[in-house]
Amino acid sequence: MNNSLLVVLIASGVAYGTPLLYAALGELLAERSGVLNLGVEGMMLGGAVMGFWAVERVHAGTAITLAAALGIAALVGALLASIHAFLVITLRASQIVCGLTLTIFAGAVGLSSYLGNGLNLADIPARKTFNPVFPGGMQRLPVVGPIVFGQNILVYLSWLCVIAIWLYLSRTRPGLNVRAVGESPAAADTMGINVTAYRYAHTLAGGAFAGIAGATITLALTPQWVNGITGGAGWIAIALVIFSFWRPELCLVGAYFFGALQALAPQLQARNISLGPTVLWTNALPYVMTILVLVVVSSGTARRRLGAPAALGNPYVREEH
Amino acid sequence: MHVAVERRLRQPRWLAVVVPLGSIAFAFFVAALVLLATGIDPLSTYRQLFDAGFIQSGSLDQTLITTTPLAFMGLAAAAAFRVKLYNIGAEGQMYMGAIFGSAAGLYLGGRGGAAPLPIAAMVVAGCAGGCVWALIPGVLKAFFRTNEILTSLLLNYVAGLILTYLIFESESYWRETKGFNATVFPTGKPLPPSSVWPGWTLHAQGGVTVPLGAFLAVLAGVVVWGLHKRTRFGFESQVLGDSERAARYAGVRIRRKILAVMALSGAVAGLGGASQVGDFAHALDGDPNGLQKIGYGYTGIVVAALARYNPFATLLIAFLIGGLQNAGSTLQGPSFPAGLVGVLQGIILFSALGGEILVRYRFRISRRSKGEAASAAEPAS
Amino acid sequence: MTAAPLATDGAPALSVQAVTKRFPGVLANDHVDFEAAAGEVHALLGENGAGKTTLSHIVTGLYQADEGRILLYGEPVAFSSPREAIDAGVCMVHQHFRLVDRFTVAENLVLGDRRGAGRKFRIDPDAVDDQVRELGERYRLPVDPHAHVWQLSVGEKQRVEILNTLYQDARVLILDEPTAVLTPNEADTLFVTLRQIAAEGRTVVFISHKLHEVKAVSDRVTVLRAGHTVATVETAAATPQSLAALMVGREIEVVRRPKHVVEGKEGLLRVDDLWADSDRGTPAVKGVSLRIAAGEILAVAGVAGNGQRELAEAIAGLRPRSKGDVLVEGRPLRNGDARAAYEAGVGFVPEDRLGTGVSPTLSIAMNLELRSFRRTSLGPFLRLRRMHEQAEEAIRTYDIKAPNPEAAADSLSGGNLQKVVIAREFSGTLRVLVVASPTRGLDVGAVETVHAHLLEAADRGTAVLLISEDLDEILALNDRIMVMYEGALSEVPEGESIENIGLRMAGETPAAVASA
């Protein structure tokens, strides 16, 4: 039963969806404060390559090495995000162009490739990886075994993050403040909330999450470094934020859904099942589905009540109001 | 002491030129620091870059190979971004243009048609391919208000999958099936000689071959500029890009405009794809490590942004960046790591974006500031 | 400065001394002196552009003065942010509300709270309920703490803003043009609330450009003109005429449209049973019918948000009609087609000047051709030189203050922007003119110009539909008045009093009047 297509799909969906979830949660935080960061793909690659590098270079026990790798990946992501933050918040540059530039700068033809080759990280397996936490016996339980107990610690951490962010946004004072900053910076400013500080903090946090998302790929999913290994996951994460109406709990559902889509092709191939006329169809399915979901979500009344933070994408200047 | 940031009332023309140039200079300075940090001598690197890009014999030919697609991609981005339609899908539109263009070239060239016919057909087919692919996000935006950034971008991945599929995963019309090599490694069917695009040799700098695509790119630049500045279409697009409400007020048919601008942008990108096949590869390149790895479409956006979406500036900057990229791949080796060019480009664009603020705003350090003669603006009271 | 200081036991609550503020291109406040005592309602009067809002922003910490000083209860203060002002007890109720639409009323209150429920890290959604209800009852500002702000009416939103200041225990309240969004009766209720607040010993500063309101609610009035203080007077001793003279610096003539006979019952503009939806998809215009003859001005009064904007846009073709017809000279207009309406001779001056009437970053020359560029172009090509020449001529004729025709439109002041719109809409073959809130935010000089152009257009035989929230404007320019309330129009009989018009604006039908 644990080898049935459905169970395997869901279990893989959770695994593949975890980097999407981290990246989406990070982008959600940034966007809630009103900053659109299209550089997620670039930040993920930055975290991916440097997390991998850390594992190669840090010679310590497994847990410490991996923790250090995560820390470095988060740091790299935050550093990259700080470029975007400075340009967009302080210098009021176009958020769209700036985010794209960040992706080019840090992406598969930029910094991550530079570092990956320069540090000789290609074509070697990771020295340490994230492995399933629970003992084999629990992993073999029917249905819940592979899905819930067969995952590595990053997956469980991501669940904690979802809960934490949900609580943060809906039940805490700083969460209320950041929501105000994203909806109406003028009102927030009048109430004494430091709009700039909140935007910087949340954009950097978004970068940190994206970095961790990248490390999840190179240290847990396909534990090696390949140039451009994220393969568009950053963009799906951005779409995911819209799809989830900027709510962390819906991000979880969406991430696993898209994760399952990504796992679909190799699984079908392994079982010799053909879903469409060609393998092209199953490969393209995640992207096409994302587009369809975007269309449905963007039109209609849903958008008006549950849509984007009102000030998303606009710089805030006090004197001009 | 108080630094005030104020909006400029008028944007002096000289600033619009000095700031981008200044940003580039600043970028090279920052990149020099990065190079020093990794133990590489920046000055000799820059000299090598310039040499390999423009001076060495044969370098201009190579540079044009990179410049031509960058020019097309840059124009495609500029045409759309200028009116706030963020078409990130030039990359995929280029692939589709290549597919359609090579189909036309393969089909018509083999029939021994009159000389310019297959090439003209490739041009038209390339435009059509890119146009159609760009209309998908265009329709979704015009009729369903779906954000065109994500849709056009996701379609890039789909177009890449289609391209790979045609050559690597199927026995399609485009795939070369004859000959020994075909069984070893999948390649595209080569174009018949009458479908290969010509080039013209200029007797300067030791003989430079300018491919047809380069001329077409310049032509496309003129067309895009002319449409934007001199026609009703351009007027309406400008209004639409400025304020949708004003556009409705002006009687602009908004959906049609969105479709038209996306179609134009996609057509230019598709033409770039046809040029890839006709000028350079002479076959459809479906290799995932080939055309799809270079990222002309994304670099084109950087080019357009640096040029502030002006078509002629786009052509010029495409040439400069083309030289830079060409030099980068020529010099690639232990002392010149891959990815450096992307890093450099990123720094240049970051500096240009940051420099923007100087154009739109003015810094004033004041304790007591002199009152200014009343001119245009008044704050509401 | 003719000062009549109130007898105080100590320093005045708020004292502004020689405050000066400059913006690029204009001197907004020029050595302004101003004083308000505890327990009084002090009006700050001046026409648009006089510097009232700027001064209030300085006092409440949004801007910093370039020169001068401010004293609160005798102590010098310098607020570098709105928060500092609020903490010191100086709060503002803004003209454009500073509320977060998506939040509930309670969340908005907690947002600004530094002392009570807002200090905790964890927030409890019910924490402020009791206080909201109690304050609401005490000050006649009832509002549901769990309602989302976007669901509230404009009047209710204002109540939330005022509640916010009382919740923060403000000592000095500054209200910026608060009655702009209220019916006359709601305004009266507001005045009672303000008097009650002042009676508790707080200070209320009431910013306005409306003379009768200033007379109705304030104890003293300070008049600002062109950025400096003109005078401070006791309200009881002043008359609307004396205040107006101080405000403008010269005698203003009260324009009244001479009554003239209007012929032609058919109507140059005819609207039959028009229905149109708002942006949210709910019906905003419900079965409106009207007829306007050539040369007639039909003035539609009403508080903002009752469907006026949607009505104007539906007639001008910017908004699709869900039902009904619009006919110009007997010929029906195509639904939702702004171009067709323009070509049929319907001019439209929208209330959203900068975003709709004018394309902000495009040049003045292009904006002057915004609707007519199709006529002046040669096939698909624009005639740029012709556009430039025509723009220069329009700038001369309408006295638009702009450096040159290629300057960006958003560098113009409100009055000059409106002149651009008028220069464009009023010329050409105009049969019908739809004008919405044409003089909002303009200074008296610009208002006079706009009114003159409107009257001139009517005299030339244009049918004019004037939609305005300014009752003075309505009364001055109309041939006929109608009132719009919740999407429906109702006739106002000739000679109706202002009070009754006010009642109609609030949806009530006045009882038959016994005597005139």
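The model is predicted, so local features need pLDDT of at least 70 and side-chain atom pairs count only at pLDDT 80 or more, whereas totals for chains, interfaces and linings use all residues. Residues are numbered from 1 along each chain as its sequence is written, and chains are lettered from A, with ligands numbered from 1, in the order in which they are written.

Select chain C, whose C-alpha atoms fill a box of roughly 70 × 55 × 50 Å along the principal axes. Coloured by secondary structure, chain C shows 18 helices and 20 strands (DSSP runs, H or I of at least four residues for helices and E of at least two for strands, numbered from the N terminus). Of its 516 residues, 50% count as buried, that is, with 20 or more other C-beta atoms, placed from the backbone, within 10 Å of their own.

Next, colour chain C by domain, with bounds from an automatic or database domain assignment: domain 1 (1-89 + 172-177 + 198-249), domain 2 (95-169) and domain 3 (269-363 + 420-505). The C-alpha centres of domain 2 and domain 3 of chain C lie 36 Å apart.

Finally, show chain B beside chain C and select the contact, which takes 29 residues from chain B and 46 residues from chain C (residues are in contact if their C-beta atoms, placed from the backbone, lie within 7 Å). On the side of chain B that touches chain C, helix 9 (232-242) and helix 10 (244-249) of chain B are the elements giving two or more residues, and helix 9 of chain B provides the largest share, 6 residues.

Methods. Contact = placed C-beta atoms within 7 Å. Buried ≥ 20, exposed ≤ 12 C-beta atoms within 10 Å, placed from the backbone.
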